[in-house]
Amino acid sequence: MNIIEQIQQAKNWEERYRLLIQVGKNLIKPTENELAQWTEIQGCEVKLWCKISPNLDRTLQLQAYSEARIMNGLLYLLLNHVNGKPIDELQQFDITAFFTELGIAQRLSSTRLNGLKQIEQSIKELC
């Protein structure tokens, strides 16, 4: 069972939260030098950075990192969902719907969701 299925089948928010923190540990912390070259996302309650690179095959490569464990779990799910997807397909991507389907969006603070929506907007601006 993959992490998306595990989160969808979690019995309660506490179990989802634990899973998010666990998968967030999979994100490798960029060096200070790398973070300085990434875009700092405004409007989130925690520090959040991302780098979006279009690939030659018209897919997208997203890198992201946050100083908060729960946000890194959310970013891990997002990276796994969008990386390698055709840019045309990502034009229709709705990050709120994505996290709502996972049973997560309803529990996110508006500022955390806002940070994620800023990444979504950055993706769409590249498309």
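Me: Which helix lies across β2 and β3, running at about 175° to β3?
Reply: Helix α4, residues 69-82. Axes are lines fitted to C-alpha atoms, for helices over the stretch in contact (heavy atoms within 4.5 Å), and angles run from 0 to 180 degrees between N-to-C directions. Helices (H or I, at least four residues) and strands (E, at least two) are DSSP runs, numbered from the N terminus.

Me: Where does α7 lie?
Reply: Helix α7 (residues 110-126) lies across β2 and β3 as well, at about 20° to β2.

Me: What's the source here?
Reply: A predicted model, with local features needing pLDDT of at least 70 and side-chain atom pairs counting only at pLDDT 80 or more, while totals for chains, interfaces and linings use all residues. Residues are numbered from 1 along each chain as its sequence is written, and side-chain values use heavy atoms, leaving out hydrogens and water.

Me: OK, the sheet. What's the strand order?
Reply: β1-β2-β3, open, with antiparallel pairing; strands pair if DSSP finds at least two bridges between them. The edge strands, β1 (39-40) and β3 (60-66), each pair on one side only.

Me: How many bridges join β2 to β3?
Reply: Seven, with β2 covering residues 48-54. P54 is opposite L60 in β3.

Me: And T59, buried or exposed?
Reply: Buried (under 20% relative accessible area, 1.4 Å probe, protein chains only): T59 has 10%. T59 is in the loop between β2 and β3.

Me: What does the T59 side chain join up with?
Reply: The side chain of D57, through a polar contact of 2.5 Å. That term is a pair of N or O atoms within 3.5 Å; within protein, one must be able to donate a hydrogen and the other to accept it, and residues adjacent in sequence count only if both atoms are side-chain atoms.

Methods: Buried means under 20% relative accessible area, exposed over 50%, partly exposed in between (1.4 Å probe, protein chains only).
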